[in-house]
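Colleague: I have the model open and would like to walk through it. Can you take my questions as they come?

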Amino acid sequence: MKTLKQYFQEAVSGKWAIGHFNFSTADQLKAFVEAAAEVKSPIMVGTSEGEADFVGREQAVALVKSYQNEGYTVFLNADHHKSWETIKAAIDTGYDTVLIDASKLPFEENIELTKRVVEYAKSINPEILVEGELGYLRGSSEVQEKIEISQADYTKPEEAADFVARTGVDRLAVVFGNIHGIVTEQEEHLDIGHLKKIVQAVPETPLVLHGASGLPADEIKMAIQNGIANVHINTELRVAYHDTLHEELEKEPKETTPYKYLKPSYEEMKRMIKKYLELFGSVGKI
Ligand SMILES: [Zn+2]
């Protein structure tokens, strides 16, 4: 199996993106890796701090390793880990890659914590990739009404260059109109012109688009054509998983066998993942 670093190099030069999907349960993870394998697409799966607490870090690592051992091309990411303690726990447990999200801290403190994580991760295993985050990404991974979007929150290109040079991160999460989650009372739009300025500042660094749920497909595509190499989807999957399961439980109220009533939500996850991987251009890249 190629390393995640190799896949990122290929994604950057080939102008496609690696899909990143969050899971809280083993049936979601199973749907993600099986869907990706069916279309020969490398994927990243992630647990946030909350998701990691629920699944268990040891368990998340063991589950993903079990798929890797069977030949699946899947990499485990510690998504938006915000403290030294939680991210160290993820590195120590054997996550393939981590996102240290210190973006809400002042710039110098963000650099300091991110640099510490890069140094620690590489001392444990040089293959562990570290993502940093710069810019103010608003919203949370749920359905919200309205989120204020301001250019002041965007990742500043000159700061991005400084940040990458001083921290040594392997990839960078950026803000250019994206927000976390889905909003119902407004339209979400990406500022591709701003993305281009960030790319010019850090042309060698794979850039990550968070909060792609709720964005029009053509804007996601445009972002990938202009330098995004990694796309995170969480909320849309959560909503579809919840709604499909809810429908099934209402339809078959007497069915108590989990592998039966979980089947439709599992199938829906697979269908959605394939749709995203197609959009990201990663189909057939294994
Ligand atoms: Zn995110």
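**Helices, strands and packing**

Modeller: Start with helix 5 (residues 84–93), which lies across strand 3 (74–81) and strand 4 (97–100) and runs at about 170° to strand 3. Helices (H or I, at least four residues) and strands (E, at least two) are DSSP runs, numbered from the N terminus. Angles run from 0 to 180 degrees between N-to-C directions, with axes as lines fitted to C-alpha atoms, for helices over the stretch in contact. Two residues are in contact if their C-beta atoms, placed from the backbone, lie within 7 Å.

Colleague: And the source and numbering?

Modeller: This is a predicted model, where local features need pLDDT of at least 70, side-chain atom pairs count only at pLDDT 80 or more, and totals for chains, interfaces and linings use all residues. Residues are numbered from 1 along each chain as its sequence is written.

Colleague: What do the eight strands close into, and in which order?

Modeller: A barrel, in the order 1-2-3-4-5-7-9-10, with parallel pairing. Neighbouring strands of this sheet are turned by 25° against each other on average, direction ignored. Two strands pair if DSSP finds at least two bridges between them.

Colleague: Back to strand 3. Why is it largely enclosed?

Modeller: Eight of the eight residues of strand 3 are buried, so the rest of the structure largely encloses it. A residue is buried if 20 or more other C-beta atoms lie within 10 Å of its own, exposed if 12 or fewer, and partly exposed in between, with C-beta atoms placed from the backbone.

Colleague: How many bridges join strand 2 to strand 3?

Modeller: Five; strand 2 (residues 43–47) and strand 3 run parallel. Gly46 has Asn77 in strand 3 as its bridge partner. Strand 3 also pairs with strand 4 in the parallel sense, over three bridges, and the partner of His81 in strand 4 is Ile100. The chain gets from strand 3 to strand 4 through helix 5, and this β-α-β crossover is right-handed. Right-handed here says that, with the strands pointing away from the viewer, the path from the first strand over the helix to the second runs clockwise.

Colleague: What about strand 5? Which residues point one way and which the other?

Modeller: Leu129, Glu131 and Glu133 point one way, Val130, Gly132 and Leu134 the other, and all are buried. In a regular strand the side chains alternate between the two faces of the sheet. Strand 5 covers residues 129–134, and six of its six residues are buried.

Colleague: Which strands does strand 5 pair with?

Modeller: Four bridges join strand 4 to strand 5, running parallel, with Val130 as the bridge partner of Val98.

Colleague: Helix 6, then. Which residues of it are buried?

Modeller: Asn110, Ile111, Thr114, Val117, Val118 and Ala121. Seen down the helix axis, they fall within an arc of 135°, so they line one face of helix 6; the arc is that of the directions from the axis to the C-beta atoms. Glu108, Glu109, Glu119 and Ser123 are exposed on the other side.

Colleague: What do the buried residues of helix 6 pack against?

Modeller: Helix 5, strand 4, strand 5 and helix 7 (157–167). Take Val117, which is buried with 26 other C-beta atoms within 10 Å. Leaving aside neighbours within four places in sequence, Val117 is in contact with Ile87, Val98, Ile100 and Val130. Val117 and Glu131 are 14 residues apart in sequence and 9.6 Å apart in space, C-alpha to C-alpha.

Colleague: Changing topic: is Glu10 buried or exposed, or something in between?

Modeller: Partly exposed, with 16 other C-beta atoms within 10 Å of Glu10. Glu10 lies in helix 1 (residues 4–14). The C-alpha atoms of Glu10 and Lys285 are separated by 8.8 Å, although the two residues are 275 residues apart along the chain.

Colleague: Last one. Which residues of helix 10 are buried?

Modeller: Thr235, Leu237, Tyr241 and Thr244. What covers them includes strand 1 (18–22), helix 2 (26–38) and helix 12 (263–280).
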